[in-house]
Amino acid sequence: MTHYDDEVTLIKDLLKKHPKGMTISEIADALSLNRVSTARYLESLRYSGQAEMRQFGQAKIYTPATRLPISSFIN
């Protein structure tokens, strides 16, 4: 596992523990990571569909993705 994979796994686990969401700064502080790196990891998770982002003013709140299987739409 690479350093990137370790950091992403930690972020995903943290988001699962806080389903109402967390800001980039809160995640960076909780995991002792750089805020800019944390933002990149979160954007990567968002683009891959593993996290969702809501924006309230300047704050971006990240939550774990709540995807539905495509089979539920087909049936």
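Mentor: Welcome! This is a predicted model, where local features need pLDDT of at least 70 and side-chain atom pairs count only at pLDDT 80 or more, while totals for chains, interfaces and linings use all residues. Residues are numbered from 1 along each chain as its sequence is written, and side-chain values use heavy atoms, with hydrogens and water left out.

Trainee: Why are helix 1 and helix 2 called roughly perpendicular?

Mentor: Helix 1 (residues 3–17) and helix 2 (residues 24–31) pack at an angle of about 115°, with their axes 11 Å apart. Helices here are DSSP runs of H or I with at least four residues, strands are runs of E with at least two, and both are numbered from the N terminus. Axes are lines fitted to C-alpha atoms, for helices over the stretch in contact, and angles run from 0 to 180 degrees between N-to-C directions. Under 35 degrees counts as roughly parallel, over 145 as roughly antiparallel, 65 to 115 as roughly perpendicular, and the rest as oblique. The two helices are therefore roughly perpendicular to each other.

Trainee: Which residues make the contact between helix 1 and helix 2?

Mentor: L10, I11, L14 and L15 in helix 1 meet I27, A30 and L31 in helix 2; contact means heavy atoms within 4.5 Å. By class, that contact has seven nonpolar, no polar and no charged residues. Nonpolar covers Ala, Val, Leu, Ile, Met, Phe, Trp, Tyr, Cys and Pro; charged covers Asp, Glu, Lys and Arg; the others, Gly among them, are polar.

Trainee: And what makes helix 2 and helix 3 roughly perpendicular?

Mentor: Helix 2 and helix 3 (residues 35–47) pack at about 115°, with axes 9 Å apart, and they are therefore roughly perpendicular to each other. In their contact, I24, S25, I27 and A28 in helix 2 meet R35, T38, A39 and L42 in helix 3. These residues divide into five nonpolar, two polar and one charged.

Trainee: How do you know that strand 1 and strand 3 pair?

Mentor: Two strands pair if DSSP finds at least two bridges between them. Strand 1 (residues 22–23) and strand 3 (residues 59–64) have two bridges, in the antiparallel sense.

Trainee: What makes strand 1 and strand 2 the edge strands?

Mentor: The three strands form an open sheet in the order 1-3-2. Strand 1 and strand 2 each pair on one side only.

Trainee: Why is the link between E43 and R46 called a salt bridge?

Mentor: A salt bridge needs a side-chain nitrogen of Lys or Arg within 4 Å of a carboxyl oxygen of Asp or Glu. The closest N and O atoms of E43 and R46 are 3.2 Å apart, so the pair qualifies. Both residues lie in helix 3, three residues apart, about one turn of the helix. The structure holds one salt bridge.
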